[in-house]
Amino acid sequence: MKKRSVMAATAVFTATFAMPAVLNAQDQPRPGISCPVDHDKLADILKKSVKPGGGPSNGGLDNNEWAAVVDRQGVVCAVAYSGNKADDQWLGSRAIAAEKANTANAFSLKDKAMATANLYAGAQPGGFLFGAALGNPPSPEALYAGSPDNFGTANDPMVGKPIGGTIVFGGGLALYDGNGITGALGVSGDSSCADHNVAWRVRHQLGLDRVPAGVSPNMKDAIIYDIGPDGKSPSGFGHPKCNGKEDQIAVDLGAGVSGNVVR
C-alpha cells in the first residue's frame, strides 16, 4: 500500500509541475518555417517607398509608415518603420500592419491572391464576408509583449509569434516568389488607400510580386475602386476611394482599377 501511495503521489506531483511547462511552451516565440524578408531589407525598402524617406508620394497624407511581414504560417518575420524613431509614425499602426499581413496571408492561396483591400465590400452588412473582421482576433499578449524601445527594430518582440487579426481595408498583400506564396506584407500609417500603394511598391522592390491570379480584372490583387453612390460594389470586391489622389496613383502603378468593373 505504501508503494502504491508513493507512486500515486509522484504521478500527481509530476502532472502538476509539468502542465505549466506545456502551457508556457505554447506562448513562447517560435521561428517560422521560412521568412521571406528580414528586418533590414524591409526597413530599407519601406523608407524608399514613402515621401518622408525620399520616395514618391502615395496620394494620401504622405506619412511615415509601419510595415510587417509574416511567413506562410502567420508567424511574424519582421517589423519596421520608415521614420527615424517609433513615434515618427502612428503608434497604433504597428499592430494594424501586422494584422494586415496576417489577413492577406490567411485569405490568399498558392494560385490566387487576396489583398486586404479586396475584402472590404464583402465584409460590409449584407456582404458574403460580413463578420469576417471579427473573426480570428489578434493576440494582445503578442502585440504588446516586451519593451516598446524594441518596437520596429530587428528585436521587435512580435517577431517569432503568430499575431492573428483580420483587417478588411487596404494595405495588406500576399508575397509570391517563383514557387508560390511565401507569406504576406502589411503596411499601415496613412489612409488605407495610400497604405495599399506603399505595400504595392514595397512588394515589387522585394521581388515578391509574382502573383499568379486574383479577384481584380487584371487577374491580380489590385485594389478595385468600384463602389458607387449606392454603396454597392459590382465586382463584390470593391474598396471606397479615399480623400486624396491615391486612386490615380494606384492606376498608374497597376495597383488599382477604377470604374464599374465586373469580375
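**Entry 1: Arg94**

I started with side chains: that of Arg94 makes a polar contact with that of Asp156, at 2.8 Å. (A polar contact is a pair of N or O atoms within 3.5 Å; within protein, one must be able to donate a hydrogen and the other to accept it, and residues adjacent in sequence count only if both atoms are side-chain atoms.) The model is predicted: local features need pLDDT of at least 70, side-chain atom pairs pLDDT 80 or more, while totals for chains, interfaces and linings use all residues. Residues are numbered from 1 along each chain as its sequence is written, and side-chain values use heavy atoms, without hydrogens and water.

I placed Arg94 in helix H3, residues 93-106. (Helices are DSSP runs of H or I, at least four residues, and strands are runs of E, at least two, numbered from the N terminus.) Is Arg94 buried or exposed? Arg94 is buried, at 3% relative accessible area. (Buried is under 20%, exposed over 50%, partly exposed in between, with a 1.4 Å probe and protein chains only.) Leaving aside neighbours within four places in sequence, I found Arg94 in contact with residues including Trp66, Phe151 and Met158. (Contact means heavy atoms within 4.5 Å.)

**Entry 2: the sheet**

I read the strand order as S2-S1-S4-S3, an open sheet of four strands with antiparallel pairing. (Strands pair if DSSP finds at least two bridges between them.) Strands S2 (76-81) and S3 (172-177) are the edges, each pairing on one side only.

I then checked S1 (residues 66-71) against S4 (residues 180-188): six bridges join these antiparallel strands. Asp71 has Gly183 in S4 as its bridge partner.
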